[in-house]
Amino acid sequence: MSVSTRAVAALRSPHNWIQLAKFGVVGCSGYVVNLAIYAALLGIGAHSAAIVSFVVAAAWNYWWNRHWTFAHQKGSFAYQGARFFAVALVSLLVNQLWLVLFLDVMHLGKIVSQAIAIILVTPLNFLGNKLWSFRR
């Protein structure tokens, strides 16, 4: 089966859309957790606060994605967790690059910069988790 045929089949599957919606709900809650922790820790510096808030939100998202979004794809807690956090680490690095652009180059506000950066790394995060972390 070609990649384009698989992609069309995936787009036509209601299960994938439901899974994406669940991922979105979990992501929105993680977004709130991330921004709340980030705002609370801005005293340690924007980039450091972003790292801590990202780790806390990643743990939150892992628990909810494992037990709800990808519940039927449960594998080893440690194995999936390691993969999830590898994807989170890549997402964190991309998040930090966006923050450099928004904070240090464009001089946008700290909360706005983090909010935009989170939104921009979400597709990477979803695809990494769907196709690797929680793959059957």
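Trainee: Which residues does Tyr-62 touch, not counting residues up to four places away in sequence?

Mentor: Contact means heavy atoms within 4.5 Å. Here Tyr-62 touches Phe-77, Gln-80, Gly-81, Phe-84, Phe-85 and Phe-134. A word on the source: this is a predicted model, where local features need pLDDT of at least 70 and side-chain atom pairs count only at pLDDT 80 or more, while totals for chains, interfaces and linings use all residues. Residues are numbered from 1 along each chain as its sequence is written, and side-chain values use heavy atoms, with hydrogens and water left out.

Trainee: Which residues make up the largest nonpolar core?

Mentor: Such a core is a set of buried Ala, Val, Leu, Ile, Met, Phe, Trp, Tyr and Cys residues joined through side-chain atoms within 4.5 Å; buried means under 20% relative accessible area (1.4 Å probe, protein chains only). The largest one has 10 residues: Phe-23, Phe-54, Ala-58, Tyr-62, Phe-70, Phe-84, Ala-88, Leu-92, Phe-126 and Phe-134. Two or more of them come from each of α3 (46-69) and α4 (77-105); helices are DSSP runs (H or I, at least four residues), numbered from the N terminus.

Trainee: How are two packed helices described?

Mentor: By the angle between their axes and the distance between the axes. Axes are lines fitted to C-alpha atoms over the stretch in contact, and angles run from 0 to 180 degrees between N-to-C directions. For α4 and α5 the angle is about 150°, with the axes 8 Å apart. Angles over 145 degrees count as roughly antiparallel, so α4 and α5 are roughly antiparallel to each other.

Trainee: What do the buried residues of α5 pack against?

Mentor: They pack against α2 (14-40), α3 and α4. Among those buried residues are Ala-117, Ile-118 and Phe-126.

Technical notes
Buried < 20%, exposed > 50% of the residue type's maximum accessible area, 1.4 Å probe, protein only. Parallel < 35°, antiparallel > 145°, perpendicular 65-115°, else oblique.
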